[in-house]
Amino acid sequence: MVLSLNLSPPSSRATGKGKFAFNNIILLKNTLTRFQHTSTSHLCSCSKTVSNEKYQDPFQLGRKDLKNLYEDIKKELLVSTAELKEMCDYYFDGKGKAFRPMIVVLMARACNIHHNNSREVQASQRSVAIIAEMIHTASLVHDDVIDDANSRRGKMTVNQIWGERKAVLAGDFILSAASVALARIGNTTIISVLTQVIEDLVRGEFLQLGSKENENERFAHYLEKTFKKTASLIANSCKAVSILGCPDPKVHEIAYQYGRNVGIAFQLIDDVLDFTSCADRLGKPTAADLKLGLATGPVLFACRQFPEMNAMIMRRFSKPGDVERARKYVLQSDGVQQTTYLAQRYCHEATREISKLRPSPEREALIQLTEMVLLRDK
Amino acid sequence: MPGGGGGGGGPPLPSPSQAPTFISSLISRFTGGFVYDSRNNLQMRGLVVLLISKAAGPSTEELSFQHNMVSGIYSSQRSLAEITELIHTAFLVHRGIVNIGELKSCDGPLKDMQFGNKMAVLSGDFLLANACTSLAQLQNTKVVELISSAIGDLVQGIYYENSKSPEENCLTDDISISTWKEQVFLSHSALLAKSCQAAMELAKHNAEIQDMAFQYGKHMSMSHKLHSDLQPFVKESSSDTMAFSLNSAPAVLHQEFLGREAWIKQIREAQGRGNIMDYKKLQEAIKAGKGVTSAIDLCRCHGNSALAALESFPSSEARAALANIVYAVTRFP
């Protein structure tokens, strides 16, 4: 039986839905080890073709460009009231991972080098990094109100400290400041590309509200939600900097696909960590997704082994004891492994795409980054 | 994902084919007499944007793209009118969010409030996202910047509104009328003023016309807010006294004339025992002072500024309708 994993990436001009045709999950499970082996060896061969480029820590490479990132973001947040300013600045304290701006800046350089060997990051490309982080943070602030969360990144949430009303306003303000910065780049294409993210974020949140009865639909629904809520921002900001750095539409597509695949992988691992990590490391409480009624990758896979989970999924783990039961089922099943394997496939795809660009330390760093996504523990 | 601004939750503005008759009927409604409905709702933001677009007409610059006009309005300007309504509505929704920590058991089940908050945040965000998408489709970076900054203004204005907690013994902030004007500009005027300006930019009008449109939007909406604040004080023979905000214009002006201490004293006297505000008593106190007449003067002053701005536009039905709106919001019994 042929494993028909349809990984053909939808073009960025299409709707961006990631549909996986899981014809045979059991076959998937059996070929787990085989694919792991393949992807590792592919990575090895990649680094062999770029023999002169030494391993570089991606975060070191991008550090110079991002050094004043949070200071610059705070400068965009021009607001007269001290308290509102405090709220808006709250998450831009430099303690976040800065994972997204990092990717953006590295992608900018990789595309610039590919186009004309220039290693400089243009001011407009750096702006995209700033804007992406602002949009991301604005959505976090709102998500915390929606989820009634009380801690994030190891500290209290904005809504916990200042209340929901002001938190929502702060999120709106950050978004408006991001919009102003976006307009100032002066490029209508870039405005369209990044505005798509704003729409996707909201639609992703709405997708999360709904549930699907049919198992296959559930997975497609989960992946679509994952794209919209997490990957769209990375994909479109990569695309934006590639447009600014290089006129070739093929490069824009490569950048978009890299961002999309890395983004989905990132979220899948995030969903895994919700089951495997402990609260201290993660900065937020675990089994958080279950408590919110969300059935993520590990749960969906586990459900195939334990059909009794279906009922719990449909009622969104609302009955007492559901969360704990579901958690146990997941840890007994191979849900975590399956989800991790899936993330590996996406990383593999991201690597495949980015390898089409001209070799550079930044390109290698982006490949390295996919490994880091898989290995992170927080 | 389909494009277009009307993703859902937008106002029922007509489709392009319906536009000519709809706009004509609205104009005749305004030249005939203004129907003033709700107290705090300037429900016609979108309409004002349409009217000012029509009043300004095509600019002399770009004769080539005038074929895009329907009934004297560009499709981009129509889209902008929708965007303005979307943004305004989004914030009406976001204003409805409650602070979970301040809820009491009499407010009902916590779960319901949390769900309500969730829906409010999401719906508001949905409307804002639609507005952003439509803005991007206008393909004009100046307009995007202008309207985005208006959103920022609106947030700050609403923030000031929120800062006055009703729990603090109904005491007011010690703000002067000039501070009041700044805050009200942000919460009530900025969006319309900048939308009017943006409408001119879309038709490629020069900086002077853009500024006149801005001034009209700004002064007309200031008048409207003042008019709205004055309602509890100018309505004759009402057996039920309307509650009013202690940070409304007449109250703020009253405090300016009377001095803070005397005003606080009056508030305490009206509170009486049990901290329940006797609004009738307080209203009488304010009416006895100079706050009300002063507010009426201010309202008319802004009205005149709005009319002066209209002078820069050629005479037309649309311009007359805009003038009629000003007359309506400066009219007192």
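**Stop 1: the interface of chain A and chain B**

Begin by selecting the interface of chain A and chain B, where 15 residue pairs are in polar contact, both residues of each pair having pLDDT 80 or more. A polar contact is a pair of N or O atoms within 3.5 Å; within protein, one atom must be able to donate a hydrogen and the other to accept it, and residues adjacent in sequence count only if both atoms are side-chain atoms. The structure is a predicted model, in which local features need pLDDT of at least 70, side-chain atom pairs count only at pLDDT 80 or more, and totals for chains, interfaces and linings use all residues. Residues are numbered from 1 along each chain as its sequence is written, chains are lettered from A and ligands numbered from 1 in the order in which they are written, and side-chain values use heavy atoms, with hydrogens and water left out.

Next, colour the helices of chain A. Helices (H or I, at least four residues) and strands (E, at least two) are DSSP runs, numbered from the N terminus. On the side of chain A that touches chain B, at least two residues each come from helix H6 (82-89), helix H8 (123-147), helix H10 (164-185) and helix H11 (188-209). The most is given by H11(A), with 13 residues. Sorted by class, this side of chain A has 16 nonpolar, 13 polar and 12 charged residues. Here Ala, Val, Leu, Ile, Met, Phe, Trp, Tyr, Cys and Pro count as nonpolar, Asp, Glu, Lys and Arg as charged, and the others, Gly among them, as polar.

Now show both sides together: 41 residues of chain A are in contact (heavy atoms within 4.5 Å) with 38 residues of chain B. The two chains bury about 3,700 Å² between them, 67% of it on carbon and sulfur atoms. Buried area is the accessible area (1.4 Å probe) that two parts lose on being put together, summed over both. In chain A, select A:Ile146, A:Arg165 and A:Leu169, which lose the most area to chain B, together 18% of what that side buries.

**Stop 2: a salt bridge between the chains**

Select B:Glu145 and A:Arg184, whose side chains meet in a salt bridge (2.8 Å, N to O). A salt bridge is a side-chain nitrogen of Lys or Arg within 4 Å of a carboxyl oxygen of Asp or Glu.

**Stop 3: A:Glu362 and its partners**

Move to A:Glu362 and A:Arg109, where the side chains form a salt bridge (2.5 Å, N to O). A:Glu362 is in helix H20 (residues 361-375) of chain A and A:Arg109 in helix H7 (residues 99-116) of chain A, 253 residues apart. Both A:Glu362 and A:Arg109 are buried, that is, under 20% relative accessible area; exposed means over 50%, and partly exposed in between (1.4 Å probe, protein chains only).

A:Arg119 lies in the loop between H7 and H8 of chain A, so its pairing with A:Glu362 in helix H20 ties together parts that are 243 residues apart in sequence. A:Glu362 has 0% relative accessibility and counts as buried, whereas A:Arg119, at 40%, counts as partly exposed.

**Stop 4: a residue inside helix H12 of chain A**

Select A:Ser232, found in helix H12 (residues 215-245) of chain A. A:Ser232 counts as buried because its relative accessibility is 0%. Not counting residues up to four places away in sequence, A:Ser232 touches A:Val197, A:Asp200 and A:Phe227.

**Stop 5**

Turn to helix H3 (residues 75-95) of chain B, which has 21 residues and reaches 30 Å from its first C-alpha to its last, close to the 30 Å expected at 1.5 Å a residue. The expected span is 1.5 Å times one less than the number of residues in the helix. Of the 21 residues of H3(B), 15 are buried, so this helix is largely enclosed by the rest of the structure. Within helix H3 of chain B, pick out B:Glu82, which at 22% relative accessibility counts as partly exposed.

Continue to B:Lys280 and B:Glu284, whose side chains meet in a salt bridge (3.7 Å, N to O). Both lie in helix H10 (residues 279-288) of chain B, 4 residues apart, about one turn of the helix.

Finish at helix H12 (residues 317-329) of chain B, with 13 residues and a reach of 19 Å from its first C-alpha to its last, close to the 18 Å expected at 1.5 Å a residue. The buried residues of H12(B) include B:Leu322, B:Ile325 and B:Val329.
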